[in-house]
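Have it open beside you as you read.

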Amino acid sequence: QVQRVESGGGLVQVGGSLRLSCAGSGRPFSNYAMAWFRRAPGKERDFVAGITWRGGTTHYADSVKGRFTISRDNAKNTMYLQMSRLTPEDTARYYCAADRTVYRTEVVTTPDGYNYWGQGTQVTVSS
């Protein structure tokens, strides 16, 4: 069974940092671009950051650029999201997903470009 499992979320104060992980099982994702999305209460699922299959290209939403860093370790079938200078606006459930297309060399920023979604991990930033 193919699974993606997110971890690392939690409660943090404004200005704090968290590191999210997305671990895969049942299928190697090293040949697929990966991305993080987030959904705040009452809002749509928004793109946060993405990384191509070799990690050579990354793309960030304007709202997180300069504060978040996406990376991947294909040998561990794991992707990460290092988040710093967190604000209350970053409060959301964070999801990872794999691109539908193998070997894509660009980052897709819409949810319909991805499948194999995880269950998400909650990030709450308190002021």
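1. A word on terms before we start. Buried means under 20% relative accessible area, exposed over 50% and partly exposed in between, with a 1.4 Å probe and protein chains only. Strands are DSSP runs of E with at least two residues, numbered from the N terminus.

2. Please keep in mind that this is a predicted model, where local features need pLDDT of at least 70, side-chain atom pairs count only at pLDDT 80 or more, and totals for chains, interfaces and linings use all residues. Residues are numbered from 1 along each chain as its sequence is written, and side-chain values use heavy atoms, leaving out hydrogens and water.

3. Two strands count as paired if DSSP finds at least two bridges between them. With β9 (residues 92-102), β4 pairs in the antiparallel sense over seven bridges; there, Met34 has Ala98 as its bridge partner.

4. Next, look for the disulfide, a pair of cysteine sulfur atoms within 2.5 Å. The structure holds one: Cys22 and Cys96, with sulfur atoms 2.0 Å apart. Cys22 sits in β3 (residues 18-25) and Cys96 in β9, so the pair ties together parts 74 residues apart in sequence. Both Cys22 and Cys96 are buried.

5. Which hand does the disulfide of Cys22 and Cys96 have? The torsion about its S-S bond is about 65°, so the disulfide is right-handed.

Definitions and conventions
Helix = DSSP H or I, 4+ residues; strand = E, 2+ residues; numbered from the N terminus.
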